[in-house]
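Me: I'd like to learn how to read a few features of a protein model. Could you walk me through them?

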Amino acid sequence: MKRFISIAVSIIILSIIYSKIDLQGLADIFLNSDRFWMPVSLAMVIPITLFTAWRLQQLMPKSTYLGFAEANRLILAASVLNMVLPSKMGDIAKAYFMRERGHLSGSLSLSLVVFEKSCDLLSLLLWCVFGLLLYPQKDLLFWTMTLGVTIGLLVGLSILGSRKFADLFFRIIRKVAPNKIKEKVKKLQISWAQMHNYFWSDKRQLVKISTTSIFIWFLHLLQIWFFILALNAWAPFMSSLALSPLAILAGLLPLTFAGVGTRDAALVIFYEPYFDATVAAGLGLLCTARYFLPAIGGLPFLGQYLTTIKTMKQSDISES
């Protein structure tokens, strides 16, 4: 039912957007798109995936081994699940696959993925704050968003940097959370504590992973700016650096199917000073393609992982 509701919300938002734009004009924008920037912008998914896989390798404990090809397969398989699960929770599946294939214990694999997602979110917020501070067209709305994003970044950094603050944060969440998710919050708190102990024991490794995460998200935001150029539109790069993270954050809200709809509406609203809603709708389609293309590439690997895990479990049952 929740999945049906999210799909329905996406359809409603998209219907509102597309009822207000020129559909023929949208088709013409893609037919007349820049022949250089369009393939370059779409091909950006390749280096982004490769760097993300390399970061996953670096996250692994020194006593374990995860091959570069295997890391890429895990990233692509998770991309498939990100298309159907809210807030990119498909990434959590990497912890399950790594545990089942014997790379890591269950608690440590979850800690690793939680840290990876935390670095991603904090890096996105960091670029968002940087762009908003330099964004020239500030009004009350943007000052409010700048304040909100900055507070989110500071809270996230405090949770990541301070064990005591993290424990306080999780205790507060457990008090106000509904009963059905309190246990999940408790498990996340345990995994977070293990992650904190593991990663803060090696400051050099922590700096490497953090720097890599910031660079990966720079590639994400650069790709969106390339999309704008591919559509023969224009927005200053620094302005796009402020606006595109806001649209991505809107897409992470667990309201719609894979962020489709909320992300598109945010792009239409935020980029209004630079191009019309028809171009923004085209940008929304390309931003969806950012998630759709890796998901297509990950379909065979997801099937392989699920088949392998099923075979392993059947083998364990027969041996017992």
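This is a predicted model: local features need pLDDT of at least 70, side-chain atom pairs count only at pLDDT 80 or more; totals for chains, interfaces and linings use all residues.

Me: Let's begin with charge pairs. How many salt bridges does a search of the whole structure find?

Reply: The search finds four salt bridges. One of them joins the side chains of Arg 55 and Glu 116, at 3.5 Å from N to O. Arg 55 belongs to helix α4 and Glu 116 to helix α7 (residues 106-134), so this pair ties together parts that are 61 residues apart in sequence.

Me: Are these two partners buried or exposed?

Reply: The general idea is to look at relative accessible area, where under 20% means buried. Arg 55 is at 1% and so counts as buried, and Glu 116, at 2%, counts as buried too.

Me: What about salt bridges inside one helix?

Reply: An α-helix has 3.6 residues a turn, so residues three or four places apart point the same way. Here, Glu 70 and Arg 73 meet in a salt bridge at 2.8 Å, N to O. They are three residues apart in helix α5 (residues 68-82), about one helical turn. Glu 70 is buried at 8% relative accessibility, whereas Arg 73 is partly exposed at 27%.

Me: Which residue forms a salt bridge with Asp 167?

Reply: That is Arg 163, with the closest N and O atoms 3.8 Å apart. Both lie in helix α9 (residues 163-176), four residues apart, about one turn of the helix. Salt bridges can also share partners, and those that do join Arg 55, Glu 116 and Asp 120 into one network.

Me: Can we return to burial? How many residues of helix α13 are buried?

Reply: Seven of the nine residues of α13 (residues 262-270) are buried, leaving the helix mostly covered. Among them are Arg 263, Asp 264 and Phe 270. Thr 49 is buried, at 13% relative accessible area, and beyond its neighbours within four places in sequence, Thr 49 contacts Asn 72, Ile 75 and Leu 76.

Me: And which residues make the nonpolar surface patch?

Reply: Ile 46, Leu 50, Trp 54 and Phe 68 make a patch of about 350 Å². Helix α4 gives the most to this patch, with three residues. Leu 50, in helix α4, is partly exposed at 37%.

Me: Where does positive charge gather?

Reply: Lys 2, Lys 180, Lys 184 and Lys 187 form a positive patch on the surface. Helix α10 (residues 179-199) gives the most, with three residues. Lys 180, in helix α10, is exposed at 65%.

Methods. Residues are numbered from 1 along each chain as its sequence is written. Side-chain values use heavy atoms; hydrogens and water are left out. Patches are made of residues with over 30% relative accessible area and no salt bridge: like charges are joined within 9 Å, nonpolar side chains (Val, Leu, Ile, Met, Phe, Trp, Tyr) within 5 Å. Accessible areas come from the Shrake-Rupley method with a 1.4 Å probe; for residues, only the protein chains shown count as cover. Lys and Arg count as positive and Asp and Glu as negative; His and the chain ends are not counted. The place of a charge is taken as NZ of Lys, CZ of Arg, CG of Asp or CD of Glu. Helices (H or I, at least four residues) and strands (E, at least two) are DSSP runs, numbered from the N terminus. Buried means under 20% relative accessible area, exposed over 50%, partly exposed in between (1.4 Å probe, protein chains only). Contact means heavy atoms within 4.5 Å.
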